[in-house]
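Please look over the model below before reading on. Keep the sequence beside it for the residue numbers.

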Amino acid sequence: MIIVIDFGSQFNQLIARRVRENNVYCQVEPADISIEKIREMNPVGIILSGGPSSVYEENSPTIDPQIFKLGVPVLGICYGMHFMVHALGGTIEGADKREYGFAELVIKDKAPLFKDMDDKFQCWMSHGDSAKKLPEGFVITASTDNTEIAAIANHDKKFYGLQLHPEVEHSVNGALMIRHFLFDVCGCEQNWTMKSFSDGAIAQIKDAVGDKKVIMGLSGGVDSSVAATLIHKAVGKNLHCIFVDNGLLRHREKEQLEESLTANLDMNIKFVDAREKFLTALAGVTDPEQKRKIIGKIFIDVFDAEAKKIEGAEFLGQGTLYPDIIESKSAFGGPTSIIKSHHNVGGLPEEMNLKLIEPLQLLFKDEVRKLGLELGINEDLIWRQPFPGPGLAIRIMGDITEERLEILRRADTILLEEIREAGLYRKLWQSFVVLLPVKSVGVMGDKRTFANCVAIRAVTSNDAMTADWAKLPHDLLGKISNRIINEVDKINRVVFDITSKPPGTIEWE
Ligand code: XMP
(Lines give C-alpha, C1' and ligand atoms only; values in the text may rest on other atoms or scores of the structure.)
Protein backbone atom coordinates (compact mmCIF):
# COMPACT_ATOMS: atom_id res chain seq x y z
CA MET A 1 0.00 0.00 0.00
CA ILE A 2 0.87 3.63 -0.55
CA ILE A 3 0.18 6.23 2.14
CA VAL A 4 -0.81 9.73 1.03
CA ILE A 5 -0.12 12.27 3.75
CA ASP A 6 -2.69 15.05 3.80
CA PHE A 7 -1.05 18.44 4.21
CA GLY A 8 -4.34 20.17 3.44
CA SER A 9 -4.24 20.19 -0.35
CA GLN A 10 -7.51 20.56 -2.18
CA PHE A 11 -6.13 17.83 -4.44
CA ASN A 12 -5.26 15.12 -1.90
CA GLN A 13 -8.22 12.97 -2.89
CA LEU A 14 -7.16 13.33 -6.49
CA ILE A 15 -3.70 11.98 -5.65
CA ALA A 16 -5.31 8.97 -3.99
CA ARG A 17 -7.50 8.39 -7.02
CA ARG A 18 -4.56 8.58 -9.40
CA VAL A 19 -2.85 5.87 -7.36
CA ARG A 20 -5.91 3.66 -7.20
CA GLU A 21 -6.57 4.02 -10.90
CA ASN A 22 -3.41 1.96 -11.27
CA ASN A 23 -4.93 -0.83 -9.15
CA VAL A 24 -2.63 0.04 -6.26
CA TYR A 25 -4.24 0.47 -2.88
CA CYS A 26 -3.61 3.70 -1.01
CA GLN A 27 -4.94 5.47 2.02
CA VAL A 28 -5.02 9.18 2.84
CA GLU A 29 -3.82 9.86 6.38
CA PRO A 30 -3.63 13.10 8.36
CA ALA A 31 -0.19 14.68 8.82
CA ASP A 32 -0.24 14.04 12.57
CA ILE A 33 -0.25 10.25 12.07
CA SER A 34 2.34 8.61 14.34
CA ILE A 35 5.44 6.94 13.00
CA GLU A 36 4.40 3.73 14.78
CA LYS A 37 1.11 3.71 12.88
CA ILE A 38 2.95 4.22 9.60
CA ARG A 39 5.29 1.33 10.43
CA GLU A 40 2.30 -0.85 11.25
CA MET A 41 0.69 0.00 7.90
CA ASN A 42 3.90 -1.08 6.21
CA PRO A 43 3.63 1.10 3.08
CA VAL A 44 5.85 0.53 0.05
CA GLY A 45 5.84 4.25 -0.63
CA ILE A 46 4.70 7.55 0.87
CA ILE A 47 3.33 10.57 -1.00
CA LEU A 48 3.35 13.94 0.76
CA SER A 49 0.54 16.09 -0.61
CA GLY A 50 0.58 19.78 -1.31
CA GLY A 51 -1.04 22.26 1.01
CA PRO A 52 -1.82 25.94 1.44
CA SER A 53 0.78 26.59 4.17
CA SER A 54 4.38 27.72 4.08
CA VAL A 55 6.89 25.53 5.94
CA TYR A 56 8.14 28.49 7.97
CA GLU A 57 4.70 29.52 9.16
CA GLU A 58 3.78 28.80 12.72
CA ASN A 59 1.40 25.83 12.92
CA SER A 60 2.18 24.68 9.41
CA PRO A 61 1.43 20.95 9.17
CA THR A 62 4.33 18.61 9.82
CA ILE A 63 4.77 14.88 9.84
CA ASP A 64 7.27 13.04 12.01
CA PRO A 65 10.57 13.41 10.06
CA GLN A 66 11.36 9.82 11.05
CA ILE A 67 9.50 8.89 7.86
CA PHE A 68 12.72 9.71 6.05
CA LYS A 69 14.48 6.96 8.01
CA LEU A 70 12.04 4.15 7.23
CA GLY A 71 13.87 3.13 4.06
CA VAL A 72 10.63 3.73 2.13
CA PRO A 73 10.52 5.87 -1.07
CA VAL A 74 8.92 9.30 -0.61
CA LEU A 75 7.40 11.59 -3.23
CA GLY A 76 6.75 15.16 -2.07
CA ILE A 77 4.34 17.27 -4.11
CA CYS A 78 4.49 21.10 -3.79
CA TYR A 79 4.24 21.74 -0.04
CA GLY A 80 5.18 18.06 0.43
CA MET A 81 8.42 18.74 -1.45
CA HIS A 82 9.04 21.90 0.62
CA PHE A 83 8.53 19.90 3.78
CA MET A 84 11.02 17.26 2.62
CA VAL A 85 13.64 19.88 1.68
CA HIS A 86 13.16 21.75 4.93
CA ALA A 87 13.19 18.63 7.13
CA LEU A 88 16.35 17.29 5.50
CA GLY A 89 18.36 20.50 5.87
CA GLY A 90 17.68 22.54 2.71
CA THR A 91 16.00 25.94 2.51
CA ILE A 92 12.66 27.16 1.23
CA GLU A 93 11.92 30.80 0.46
CA GLY A 94 9.03 32.92 -0.67
CA ALA A 95 9.51 32.87 -4.46
CA ASP A 96 10.40 36.10 -6.26
CA LYS A 97 7.50 35.41 -8.58
CA ARG A 98 4.43 33.45 -7.67
CA GLU A 99 3.78 30.75 -10.20
CA TYR A 100 0.18 29.86 -10.80
CA GLY A 101 -1.17 27.97 -13.80
CA PHE A 102 0.71 26.57 -16.76
CA ALA A 103 4.50 26.50 -17.04
CA GLU A 104 6.91 24.70 -19.31
CA LEU A 105 8.84 22.04 -17.48
CA VAL A 106 12.36 21.46 -18.81
CA ILE A 107 13.70 18.05 -17.83
CA LYS A 108 17.34 17.71 -16.77
CA ASP A 109 17.43 14.22 -15.36
CA LYS A 110 14.87 11.75 -16.69
CA ALA A 111 15.06 8.64 -14.58
CA PRO A 112 12.94 7.53 -12.91
CA LEU A 113 9.96 9.93 -12.77
CA PHE A 114 10.34 11.48 -16.23
CA LYS A 115 11.29 8.30 -18.06
CA ASP A 116 10.05 8.09 -21.68
CA MET A 117 8.92 11.72 -21.70
CA ASP A 118 9.85 14.62 -23.99
CA ASP A 119 12.58 17.03 -22.87
CA LYS A 120 10.02 19.81 -22.37
CA PHE A 121 6.30 19.78 -21.71
CA GLN A 122 3.55 21.69 -20.00
CA CYS A 123 2.78 21.29 -16.31
CA TRP A 124 0.47 22.93 -13.84
CA MET A 125 1.92 24.97 -10.95
CA SER A 126 0.39 26.63 -7.93
CA HIS A 127 2.91 27.91 -5.41
CA GLY A 128 4.31 30.97 -3.67
CA ASP A 129 7.33 29.33 -1.99
CA SER A 130 10.20 27.57 -3.75
CA ALA A 131 13.23 25.53 -2.76
CA LYS A 132 16.39 27.66 -2.72
CA LYS A 133 19.04 25.26 -1.37
CA LEU A 134 18.81 21.50 -1.61
CA PRO A 135 19.66 19.09 1.17
CA GLU A 136 22.73 16.93 0.74
CA GLY A 137 22.40 14.13 -1.76
CA PHE A 138 19.69 15.87 -3.85
CA VAL A 139 19.93 17.01 -7.47
CA ILE A 140 17.65 19.19 -9.60
CA THR A 141 15.79 17.05 -12.13
CA ALA A 142 13.61 19.70 -13.82
CA SER A 143 13.15 23.49 -13.97
CA THR A 144 10.73 26.07 -15.31
CA ASP A 145 11.40 29.68 -16.31
CA ASN A 146 10.39 30.97 -12.90
CA THR A 147 11.42 28.07 -10.73
CA GLU A 148 14.86 26.61 -11.06
CA ILE A 149 14.17 23.88 -8.55
CA ALA A 150 10.95 22.49 -10.02
CA ALA A 151 11.76 18.82 -9.44
CA ILE A 152 14.37 17.12 -7.30
CA ALA A 153 15.67 13.67 -6.53
CA ASN A 154 17.86 11.89 -4.06
CA HIS A 155 18.36 8.75 -6.13
CA ASP A 156 20.16 6.81 -3.39
CA LYS A 157 17.42 7.24 -0.87
CA LYS A 158 14.59 7.23 -3.43
CA PHE A 159 13.26 10.62 -2.32
CA TYR A 160 11.64 12.71 -5.02
CA GLY A 161 10.07 16.15 -5.07
CA LEU A 162 7.78 17.79 -7.60
CA GLN A 163 6.92 21.47 -7.41
CA LEU A 164 4.27 20.86 -10.05
CA HIS A 165 1.00 19.05 -9.45
CA PRO A 166 1.14 15.70 -11.28
CA GLU A 167 -2.30 14.76 -9.97
CA VAL A 168 -4.22 17.41 -11.93
CA GLU A 169 -5.24 16.66 -15.49
CA HIS A 170 -3.62 19.82 -16.87
CA SER A 171 -0.13 18.50 -16.06
CA VAL A 172 0.99 16.68 -19.19
CA ASN A 173 2.53 13.34 -18.19
CA GLY A 174 1.39 13.86 -14.56
CA ALA A 175 -0.35 10.50 -14.35
CA LEU A 176 2.73 8.87 -15.89
CA MET A 177 4.99 10.44 -13.22
CA ILE A 178 2.79 8.89 -10.56
CA ARG A 179 2.90 5.55 -12.36
CA HIS A 180 6.70 5.66 -12.51
CA PHE A 181 6.83 6.39 -8.79
CA LEU A 182 4.48 3.49 -8.02
CA PHE A 183 6.04 0.84 -10.24
CA ASP A 184 9.63 1.83 -11.03
CA VAL A 185 10.44 3.33 -7.65
CA CYS A 186 8.21 1.55 -5.14
CA GLY A 187 7.75 -1.74 -7.00
CA CYS A 188 4.00 -1.77 -6.34
CA GLU A 189 1.85 -4.70 -7.36
CA GLN A 190 -1.46 -4.11 -9.15
CA ASN A 191 -3.65 -6.11 -6.83
CA TRP A 192 -6.30 -3.53 -5.90
CA THR A 193 -9.32 -4.52 -7.96
CA MET A 194 -13.02 -4.40 -7.16
CA LYS A 195 -13.08 -8.19 -7.20
CA SER A 196 -10.34 -8.39 -4.56
CA PHE A 197 -11.99 -5.60 -2.58
CA SER A 198 -15.37 -7.28 -2.68
CA ASP A 199 -14.02 -10.70 -1.62
CA GLY A 200 -12.14 -9.10 1.27
CA ALA A 201 -15.07 -6.93 2.34
CA ILE A 202 -17.53 -9.84 2.32
CA ALA A 203 -15.16 -11.92 4.46
CA GLN A 204 -14.68 -9.02 6.87
CA ILE A 205 -18.41 -8.39 7.22
CA LYS A 206 -19.06 -12.10 7.84
CA ASP A 207 -16.41 -12.07 10.48
CA ALA A 208 -17.70 -8.94 12.21
CA VAL A 209 -21.41 -9.74 12.06
CA GLY A 210 -21.44 -13.51 12.54
CA ASP A 211 -25.05 -14.65 12.80
CA LYS A 212 -26.38 -11.33 14.10
CA LYS A 213 -28.83 -9.04 12.29
CA VAL A 214 -28.01 -5.89 10.33
CA ILE A 215 -30.50 -3.07 9.68
CA MET A 216 -30.02 -0.77 6.73
CA GLY A 217 -31.96 2.13 5.25
CA LEU A 218 -32.21 2.15 1.45
CA SER A 219 -32.68 5.43 -0.35
CA GLY A 220 -32.84 4.07 -3.89
CA GLY A 221 -29.46 5.67 -4.64
CA VAL A 222 -26.20 4.03 -5.67
CA ASP A 223 -24.34 4.09 -2.36
CA SER A 224 -26.92 2.48 -0.13
CA SER A 225 -27.82 -0.05 -2.84
CA VAL A 226 -24.22 -1.16 -3.34
CA ALA A 227 -23.51 -1.27 0.41
CA ALA A 228 -26.64 -3.33 1.01
CA THR A 229 -25.78 -5.74 -1.80
CA LEU A 230 -22.32 -6.28 -0.35
CA ILE A 231 -23.66 -6.83 3.15
CA HIS A 232 -26.31 -9.13 1.75
CA LYS A 233 -23.62 -11.28 0.11
CA ALA A 234 -22.02 -11.63 3.52
CA VAL A 235 -25.01 -12.17 5.80
CA GLY A 236 -27.92 -13.04 3.48
CA LYS A 237 -31.31 -12.97 5.14
CA ASN A 238 -29.86 -11.47 8.31
CA LEU A 239 -29.75 -8.16 6.47
CA HIS A 240 -33.02 -6.28 7.00
CA CYS A 241 -33.40 -3.32 4.65
CA ILE A 242 -35.94 -0.59 5.17
CA PHE A 243 -37.16 1.64 2.37
CA VAL A 244 -39.43 4.49 3.39
CA ASP A 245 -41.85 5.58 0.68
CA ASN A 246 -42.40 9.23 1.57
CA GLY A 247 -44.73 9.93 -1.34
CA LEU A 248 -42.16 12.31 -2.78
CA LEU A 249 -40.58 9.83 -5.16
CA ARG A 250 -40.51 9.94 -8.93
CA HIS A 251 -42.54 7.75 -11.22
CA ARG A 252 -41.91 4.01 -10.59
CA GLU A 253 -38.92 4.73 -8.37
CA LYS A 254 -39.85 2.28 -5.66
CA GLU A 255 -40.69 -0.43 -8.17
CA GLN A 256 -37.38 0.01 -9.99
CA LEU A 257 -35.42 -0.38 -6.78
CA GLU A 258 -37.42 -3.44 -5.90
CA GLU A 259 -36.77 -4.97 -9.32
CA SER A 260 -33.07 -4.17 -9.17
CA LEU A 261 -32.39 -5.47 -5.70
CA THR A 262 -34.80 -8.29 -5.27
CA ALA A 263 -34.75 -9.77 -8.77
CA ASN A 264 -31.66 -11.90 -8.46
CA LEU A 265 -30.71 -11.22 -4.89
CA ASP A 266 -33.76 -12.17 -2.93
CA MET A 267 -32.99 -9.39 -0.50
CA ASN A 268 -35.05 -8.78 2.59
CA ILE A 269 -36.55 -5.34 1.99
CA LYS A 270 -39.38 -3.86 3.97
CA PHE A 271 -41.16 -1.18 1.95
CA VAL A 272 -42.90 1.13 4.35
CA ASP A 273 -45.74 3.13 2.92
CA ALA A 274 -45.57 6.40 4.84
CA ARG A 275 -46.90 8.59 2.05
CA GLU A 276 -49.88 9.84 3.96
CA LYS A 277 -47.85 10.77 7.04
CA PHE A 278 -45.45 12.87 4.99
CA LEU A 279 -48.07 14.54 2.81
CA THR A 280 -50.30 15.37 5.75
CA ALA A 281 -47.41 16.96 7.63
CA LEU A 282 -46.36 18.91 4.54
CA ALA A 283 -49.82 20.27 3.73
CA GLY A 284 -49.69 24.04 3.39
CA VAL A 285 -45.93 24.23 4.08
CA THR A 286 -44.08 26.33 1.50
CA ASP A 287 -40.83 27.26 3.23
CA PRO A 288 -37.99 25.05 1.90
CA GLU A 289 -36.16 24.64 5.19
CA GLN A 290 -39.34 23.84 7.02
CA LYS A 291 -40.14 21.21 4.38
CA ARG A 292 -36.70 19.66 4.93
CA LYS A 293 -37.11 19.64 8.71
CA ILE A 294 -40.51 17.99 8.56
CA ILE A 295 -39.33 15.37 6.08
CA GLY A 296 -36.18 14.62 8.11
CA LYS A 297 -38.10 14.25 11.34
CA ILE A 298 -40.82 12.01 9.96
CA PHE A 299 -38.22 9.87 8.19
CA ILE A 300 -36.43 9.25 11.46
CA ASP A 301 -39.68 8.47 13.30
CA VAL A 302 -40.78 5.99 10.63
CA PHE A 303 -37.35 4.40 10.31
CA ASP A 304 -36.97 4.06 14.09
CA ALA A 305 -40.36 2.45 14.45
CA GLU A 306 -39.53 -0.10 11.75
CA ALA A 307 -36.02 -0.72 13.05
CA LYS A 308 -37.37 -1.48 16.49
CA LYS A 309 -39.55 -4.23 15.05
CA ILE A 310 -36.42 -6.11 13.96
CA GLU A 311 -35.58 -7.90 17.13
CA GLY A 312 -32.02 -8.54 18.16
CA ALA A 313 -30.43 -6.34 15.51
CA GLU A 314 -26.90 -5.39 16.50
CA PHE A 315 -25.60 -3.62 13.42
CA LEU A 316 -26.57 -0.68 11.24
CA GLY A 317 -25.32 -0.67 7.64
CA GLN A 318 -24.49 2.62 5.92
CA GLY A 319 -23.24 3.68 2.52
CA THR A 320 -20.67 6.19 3.77
CA LEU A 321 -17.94 6.85 1.17
CA TYR A 322 -14.23 7.54 1.48
CA PRO A 323 -14.36 11.29 0.74
CA ASP A 324 -16.56 11.73 3.84
CA ILE A 325 -14.13 9.71 5.93
CA ILE A 326 -11.08 11.61 4.66
CA GLU A 327 -12.73 14.93 5.36
CA SER A 328 -13.76 13.97 8.85
CA LYS A 329 -10.34 12.52 9.68
CA SER A 330 -8.35 15.32 8.15
CA ALA A 331 -6.62 17.69 10.52
CA PHE A 332 -7.97 20.45 8.29
CA GLY A 333 -11.48 19.23 7.54
CA GLY A 334 -14.47 19.79 9.74
CA PRO A 335 -16.95 17.37 11.19
CA THR A 336 -19.61 18.44 8.71
CA SER A 337 -19.18 15.43 6.48
CA ILE A 338 -19.94 13.11 9.37
CA ILE A 339 -23.17 14.92 9.95
CA LYS A 340 -23.97 14.73 6.25
CA SER A 341 -23.21 11.04 5.84
CA HIS A 342 -25.22 10.11 8.90
CA HIS A 343 -28.06 12.53 8.53
CA ASN A 344 -30.59 10.03 7.32
CA VAL A 345 -30.39 7.92 10.44
CA GLY A 346 -29.08 10.54 12.84
CA GLY A 347 -32.05 10.06 15.07
CA LEU A 348 -31.80 6.35 15.82
CA PRO A 349 -32.32 6.02 19.53
CA GLU A 350 -29.14 5.47 21.49
CA GLU A 351 -30.63 2.60 23.45
CA MET A 352 -30.65 0.56 20.26
CA ASN A 353 -26.90 0.70 20.55
CA LEU A 354 -26.18 -0.40 17.00
CA LYS A 355 -22.66 -0.86 15.71
CA LEU A 356 -21.96 0.70 12.34
CA ILE A 357 -21.05 -1.36 9.29
CA GLU A 358 -19.77 0.93 6.54
CA PRO A 359 -18.33 -1.34 3.85
CA LEU A 360 -17.79 1.45 1.30
CA GLN A 361 -15.82 3.68 3.60
CA LEU A 362 -12.61 3.08 1.65
CA LEU A 363 -14.08 3.74 -1.79
CA PHE A 364 -14.51 6.71 -4.05
CA LYS A 365 -17.75 7.12 -5.96
CA ASP A 366 -16.34 5.78 -9.24
CA GLU A 367 -15.07 2.72 -7.36
CA VAL A 368 -18.50 2.20 -5.81
CA ARG A 369 -19.98 2.14 -9.30
CA LYS A 370 -17.40 -0.41 -10.45
CA LEU A 371 -18.07 -2.49 -7.37
CA GLY A 372 -21.81 -2.34 -8.00
CA LEU A 373 -21.32 -3.65 -11.53
CA GLU A 374 -19.01 -6.36 -10.20
CA LEU A 375 -21.77 -7.34 -7.76
CA GLY A 376 -24.24 -7.63 -10.62
CA ILE A 377 -26.42 -4.59 -9.85
CA ASN A 378 -28.09 -3.33 -13.01
CA GLU A 379 -26.57 -0.38 -14.86
CA ASP A 380 -29.62 1.85 -14.52
CA LEU A 381 -29.28 1.87 -10.77
CA ILE A 382 -25.49 2.19 -10.84
CA TRP A 383 -25.55 5.25 -13.08
CA ARG A 384 -28.52 6.94 -11.48
CA GLN A 385 -28.22 10.70 -11.16
CA PRO A 386 -28.27 11.94 -7.54
CA PHE A 387 -31.73 12.54 -6.12
CA PRO A 388 -32.18 14.59 -2.95
CA GLY A 389 -33.49 13.04 0.26
CA PRO A 390 -36.50 15.41 0.41
CA GLY A 391 -37.34 14.29 -3.13
CA LEU A 392 -39.91 16.12 -5.20
CA ALA A 393 -40.89 18.27 -2.20
CA ILE A 394 -38.04 20.65 -3.01
CA ARG A 395 -38.93 20.64 -6.70
CA ILE A 396 -42.46 21.85 -6.14
CA MET A 397 -42.36 25.54 -5.37
CA GLY A 398 -45.15 26.30 -2.96
CA ASP A 399 -47.80 23.97 -1.74
CA ILE A 400 -47.23 20.21 -2.07
CA THR A 401 -50.37 18.31 -2.98
CA GLU A 402 -50.94 14.88 -4.47
CA GLU A 403 -52.23 16.56 -7.62
CA ARG A 404 -49.15 18.79 -8.02
CA LEU A 405 -46.87 15.83 -7.31
CA GLU A 406 -48.51 13.89 -10.11
CA ILE A 407 -48.19 16.79 -12.56
CA LEU A 408 -44.50 17.06 -11.75
CA ARG A 409 -43.94 13.29 -11.95
CA ARG A 410 -45.41 13.10 -15.41
CA ALA A 411 -43.36 16.03 -16.73
CA ASP A 412 -40.19 14.70 -15.07
CA THR A 413 -40.67 11.27 -16.64
CA ILE A 414 -40.88 12.82 -20.10
CA LEU A 415 -37.75 14.87 -19.50
CA LEU A 416 -35.78 11.83 -18.34
CA GLU A 417 -36.99 9.73 -21.26
CA GLU A 418 -35.81 12.35 -23.73
CA ILE A 419 -32.49 12.96 -21.96
CA ARG A 420 -31.80 9.22 -22.02
CA GLU A 421 -32.90 8.93 -25.64
CA ALA A 422 -30.47 11.73 -26.55
CA GLY A 423 -27.65 9.81 -24.83
CA LEU A 424 -27.13 12.59 -22.30
CA TYR A 425 -28.23 10.98 -19.04
CA ARG A 426 -24.78 9.97 -17.81
CA LYS A 427 -23.15 13.15 -19.06
CA LEU A 428 -25.37 15.31 -16.88
CA TRP A 429 -24.89 15.49 -13.14
CA GLN A 430 -28.62 16.00 -12.73
CA SER A 431 -31.56 16.73 -14.99
CA PHE A 432 -35.07 17.30 -13.72
CA VAL A 433 -38.25 19.36 -13.86
CA VAL A 434 -39.33 21.96 -11.31
CA LEU A 435 -42.99 22.87 -10.85
CA LEU A 436 -43.37 26.61 -10.41
CA PRO A 437 -45.99 28.43 -8.36
CA VAL A 438 -47.07 30.46 -11.37
CA LYS A 439 -49.83 30.03 -13.84
CA SER A 440 -49.70 31.65 -17.22
CA VAL A 441 -52.05 32.16 -20.12
CA GLY A 442 -51.78 30.03 -23.22
CA VAL A 443 -53.78 29.02 -26.22
CA MET A 444 -54.42 25.44 -27.20
CA GLY A 445 -56.77 24.37 -29.98
CA ASP A 446 -58.36 27.83 -30.16
CA LYS A 447 -59.06 27.72 -26.47
CA ARG A 448 -57.53 30.00 -23.89
CA THR A 449 -55.68 28.12 -21.14
CA PHE A 450 -54.49 29.29 -17.75
CA ALA A 451 -52.22 26.60 -16.38
CA ASN A 452 -48.96 25.66 -14.69
CA CYS A 453 -45.46 26.51 -15.74
CA VAL A 454 -42.50 24.14 -15.28
CA ALA A 455 -38.77 24.74 -15.52
CA ILE A 456 -36.24 22.34 -16.97
CA ARG A 457 -33.07 22.13 -14.88
CA ALA A 458 -30.02 20.31 -16.22
CA VAL A 459 -26.49 20.75 -14.92
CA THR A 460 -23.01 19.38 -15.39
CA SER A 461 -20.82 19.04 -12.32
CA ASN A 462 -18.18 16.86 -10.69
CA ASP A 463 -19.19 17.12 -7.08
CA ALA A 464 -22.28 19.37 -6.83
CA MET A 465 -20.20 22.06 -5.10
CA THR A 466 -20.18 24.01 -8.34
CA ALA A 467 -22.23 23.33 -11.43
CA ASP A 468 -22.75 24.72 -14.89
CA TRP A 469 -26.12 24.82 -16.63
CA ALA A 470 -26.08 22.24 -19.39
CA LYS A 471 -26.14 23.55 -22.94
CA LEU A 472 -28.90 21.21 -24.09
CA PRO A 473 -29.49 21.25 -27.87
CA HIS A 474 -32.37 23.49 -28.90
CA ASP A 475 -34.16 20.75 -30.83
CA LEU A 476 -34.04 18.53 -27.73
CA LEU A 477 -35.43 21.34 -25.58
CA GLY A 478 -38.14 21.88 -28.20
CA LYS A 479 -39.08 18.21 -28.16
CA ILE A 480 -39.21 18.06 -24.37
CA SER A 481 -41.33 21.21 -24.21
CA ASN A 482 -43.73 19.93 -26.88
CA ARG A 483 -44.16 16.59 -25.26
CA ILE A 484 -44.71 18.02 -21.78
CA ILE A 485 -47.33 20.50 -22.95
CA ASN A 486 -49.09 17.93 -25.16
CA GLU A 487 -48.98 15.04 -22.75
CA VAL A 488 -49.32 16.59 -19.32
CA ASP A 489 -52.64 18.12 -18.61
CA LYS A 490 -52.43 21.36 -16.62
CA ILE A 491 -49.04 22.46 -17.93
CA ASN A 492 -49.03 25.04 -20.71
CA ARG A 493 -45.56 26.58 -20.45
CA VAL A 494 -42.01 25.25 -20.18
CA VAL A 495 -38.95 27.39 -19.40
CA PHE A 496 -35.25 26.49 -19.29
CA ASP A 497 -33.06 27.43 -16.33
CA ILE A 498 -29.74 28.95 -17.43
CA THR A 499 -28.26 29.65 -14.00
CA SER A 500 -24.95 28.16 -12.87
CA LYS A 501 -23.94 27.37 -9.30
CA PRO A 502 -22.85 29.69 -7.85
CA PRO A 503 -24.73 32.01 -7.86
CA GLY A 504 -27.71 29.63 -8.12
CA THR A 505 -28.04 26.26 -6.43
CA ILE A 506 -28.79 23.08 -8.33
CA GLU A 507 -32.18 22.58 -6.73
CA TRP A 508 -34.61 25.46 -6.68
CA GLU A 509 -35.29 25.15 -2.97
P1 XMP B 1 -27.87 22.42 -4.19
O2 XMP B 1 -29.30 22.66 -4.53
O3 XMP B 1 -27.53 22.82 -2.79
O4 XMP B 1 -27.66 20.84 -4.27
O5 XMP B 1 -26.93 23.03 -5.19
C6 XMP B 1 -26.42 20.18 -4.25
C7 XMP B 1 -26.69 18.70 -4.35
O8 XMP B 1 -27.32 18.23 -3.15
C9 XMP B 1 -28.60 17.71 -3.42
N10 XMP B 1 -29.48 18.18 -2.34
C11 XMP B 1 -29.89 17.44 -1.31
N12 XMP B 1 -29.67 16.15 -1.02
N13 XMP B 1 -30.97 16.37 0.94
C14 XMP B 1 -30.22 15.61 0.11
O15 XMP B 1 -30.05 14.40 0.39
C16 XMP B 1 -31.24 17.68 0.71
O17 XMP B 1 -31.92 18.36 1.48
C18 XMP B 1 -30.66 18.23 -0.48
N19 XMP B 1 -30.68 19.48 -1.04
C20 XMP B 1 -29.96 19.41 -2.18
C21 XMP B 1 -28.98 18.22 -4.80
O22 XMP B 1 -29.88 17.35 -5.46
C23 XMP B 1 -27.63 18.32 -5.48
O24 XMP B 1 -27.20 17.06 -5.98
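## The model

The structure is a predicted model. Local features are reported where pLDDT is at least 70. Side-chain atom pairs need pLDDT 80 or more.

## Helices H5 and H6

Start with helix H5, residues 194-209, and helix H6, residues 222-235. Their axes lie 8 Å apart. The packing angle is about 60°. H5 and H6 are therefore oblique to each other. Their crossing is right-handed.

H5 brings Phe197, Ser198, Ala201, Ile202, Ile205, Lys206 and Val209 to the contact. H6 answers with Leu230, Ile231, Lys233, Ala234 and Val235. Sorted by class, the H5 contact with H6 holds nine nonpolar residues, one polar residue and two charged residues.

## Helices H6 and H12

H6 also packs against helix H12, residues 365-374. The two axes come within 10 Å. They cross at roughly 50°. That angle makes H6 oblique to H12. H6 passes H12 in a left-handed crossing.

On the H6 side, the contact uses Val222, Asp223, Val226 and Leu230. On the H12 side are Lys365, Val368, Leu371 and Gly372. Five residues of this H6 contact with H12 are nonpolar, one is polar and two are charged. Leu230 is listed in the contact of H6 with H12, and Leu230 is also listed in the contact of H6 with H5.

## Helices H5 and H12

H5 and H12 pack as well, with axes 9 Å apart. Their angle is about 75°. That makes H5 roughly perpendicular to H12.

Met194, Lys195, Phe197 and Ser198 of H5 meet Glu367, Lys370, Leu371 and Glu374 of H12. The classes here are three nonpolar, one polar and four charged residues. Phe197 and Ser198 take part in this contact with H12, and both are also part of the H5 contact with H6. Leu371 of H12 meets H5, and Leu371 is in the contact with H6 too.

## The second largest pocket

Where is space left open? Rolling a probe the size of a water molecule over the atoms shows where empty space remains.

The second largest pocket holds about 480 Å³ of space. It is lined by 20 residues. Closest to its centre are His251, Arg252, Gln256, Leu416 and Arg420. H14 supplies the largest share, six residues. By class, this pocket lining has 10 charged, six polar and four nonpolar residues.

## The cavity

How many cavities of 30 Å³ or more does a search of the whole structure find? The search finds one. The largest cavity contains about 40 Å³ of space.

Its lining includes the run Asp109, Lys110, Ala111, Pro112, Leu113 and Phe114. Thr141, Ile152, Ala153, His155 and Tyr160 also line the largest cavity. Seven of the lining residues are nonpolar, two are polar and two are charged.

## Backbone features

Which peptide bonds are cis? The bond from Lys501 to Pro502 is cis, with omega near -15°. The bond from Pro502 to Pro503 is also cis, with omega near 10°. Pro502 lies in the segment after strand E18, residues 491-496. Pro503 is placed in the segment after E18 as well.

Asn59 has a phi near 65°. That is a positive value in a residue other than glycine. Asn59 sits in the loop between strand E3 (45-48) and strand E4 (74-77).

Conventions: Residues are numbered from 1 along each chain as its sequence is written. Side-chain values use heavy atoms; hydrogens and water are left out. Axes are lines fitted to C-alpha atoms, for helices over the stretch in contact, and angles run from 0 to 180 degrees between N-to-C directions. Helices (H or I, at least four residues) and strands (E, at least two) are DSSP runs, numbered from the N terminus. Angles under 35 degrees count as roughly parallel, over 145 as roughly antiparallel, 65 to 115 as roughly perpendicular and the rest as oblique. A crossing is left-handed if the near helix is turned anticlockwise from the far one by less than a right angle, and right-handed if clockwise. Contact means heavy atoms within 4.5 Å. Ala, Val, Leu, Ile, Met, Phe, Trp, Tyr, Cys and Pro count as nonpolar, Asp, Glu, Lys and Arg as charged, and the others, Gly among them, as polar. On a 1 Å grid over the protein atoms alone, a cavity is a set of points where a 1.4 Å probe fits but cannot get out, and a pocket is an open set with protein on both sides within 12 Å along at least five of seven lines; lining residues have an atom within 4 Å of a point. Grid points are joined across faces, edges and corners, and a volume is the space filled by probe spheres set on the points.
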